[in-house]
Each structure stands twice: as structure tokens, then as C-alpha cells.
Amino acid sequence: AMEKVVRVLQGDVSRLTDLCRTRLVFERLDDLVACFRAIINDREVFLERISNGMEVGSDGSRQHGFRQVNLKVRIDSGDSSRLGVNSHIGEVQLVMRAMDELETADFHRHYVQWKDARELFDTWNW
């Protein structure tokens, strides 16, 4: 996380949104869609960003070929307010089992390196 803050986020720790992350894996696309609907209909969950890598026509090269729905969420409930975390943004990944099984430790390591390099490249002013 610290490396990402320094190299990609230019020291702005407030932009770090994936310290709290979970991945939900589905056998059937219908179940993934039902989960997505349940999340967006929850009054205590606020979607800060949706990245739909499964959308027809989405640029798979931006995800290194990995397809998933990535949600940046904030939970604003009585409990989150009492704990002082109602402004924190976490990540929820919705992914199909077949895609999840492709992600080995080596795949993930290479993906992170590729993504960091891409994000760094994107921040350069040409």
C-alpha cells in the first residue's frame, strides 16, 4: 500500500481505496447480477465508483484481460458512524469462478506490476 501511495497516488493517502477488499466468487452470472442488485439497493451502501470489466465492449487490455465487476463502496450506517469509518472506501470484487481460478499468485504479481506501471505512465504529463 505504501508503495502505491508513493509511486501512483503521489503521496495522497486519501486516494487509497483498496485497503479493505473482498472478492465474491459466483458460479452463475445470474447470481453475480443478483448480488450486484442487492448491493446497489442497500440504503446503507453508497457506490463511489463502478468498474464493469465484464461489460460488452469494455477494453479488456485495461484489466490485463481479467474480467470482473469492481465496486468502490462506502458504508454509512449507525455502526460505521460510531466506529468513525463511514467515510472509508472499500472495494468489493464480483467475479465468476472460471475467471477467479485463473488468478494464480504469479498472475496477480504480474498484474500488479503491470497495473502500477500503467498507472504511473498515465500520470506522466507528455
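The count of disulfides is 0, a disulfide being a pair of cysteine sulfur atoms within 2.5 Å. The model is predicted: local features need pLDDT of at least 70, side-chain atom pairs count only at pLDDT 80 or more, and totals for chains, interfaces and linings use all residues. Residues are numbered from 1 along each chain as its sequence is written, and side-chain values use heavy atoms, with hydrogens and water left out.

**Cysteines and burial**
- A disulfide is a covalent bond between the sulfur atoms of two cysteines.
- Cys-20 counts as exposed because its relative accessibility is 56%; the cut-offs are under 20% relative accessible area for buried, over 50% for exposed and partly exposed in between, with a 1.4 Å probe and protein chains only.
- Cys-35 has a relative accessible area of 17%, so this residue is buried.
- The protein has 126 residues, of which 30% count as buried.

**Fold**
- The protein contains 5 helices and 4 strands, taken as DSSP runs numbered from the N terminus (helices: H or I, at least four residues; strands: E, at least two).
- Along the sequence the pattern reads α-β-α-β-β-α-β-α-α.

- The 4 strands form an open sheet in the order 1-4-3-2, with mixed pairing; two strands pair if DSSP finds at least two bridges between them.
- Strand 1 (21-26) and strand 2 (45-52) are at the edges, each with a single partner strand, so one side of each has no neighbour in the sheet.
- On average, neighbouring strands of this sheet are turned by 20 degrees against each other, direction ignored.
- Strand 2 and strand 3 run antiparallel and are joined by 7 bridges.

**Phe-46 and Arg-74**
- Phe-46 has Arg-74 in strand 3 as its bridge partner.
- Arg-74 also lies over the face of Phe-46, 4.8 Å from the ring centre; for Arg this requires CZ within 6 Å of the ring centre and within 35 degrees of the ring normal.

**Nonpolar core**
- The largest nonpolar core has 11 residues, among them Phe-26, Cys-35, Val-45 and Met-96; such a core is a set of buried Ala, Val, Leu, Ile, Met, Phe, Trp, Tyr and Cys residues joined through side-chain atoms within 4.5 Å.
- Helix 2 (29-40), strand 3 (69-75) and strand 4 (90-96) each supply at least two residues of this core.

**Glu-101**
- Glu-101 sits in the loop between helix 4 (97-100) and helix 5 (105-123).
- Glu-101 counts as exposed because its relative accessibility is 56%.
- Glu-101 and Val-25 are 76 residues apart in sequence and 9.7 Å apart in space, C-alpha to C-alpha.

Notes. Axes are lines fitted to C-alpha atoms, for helices over the stretch in contact, and angles run from 0 to 180 degrees between N-to-C directions.
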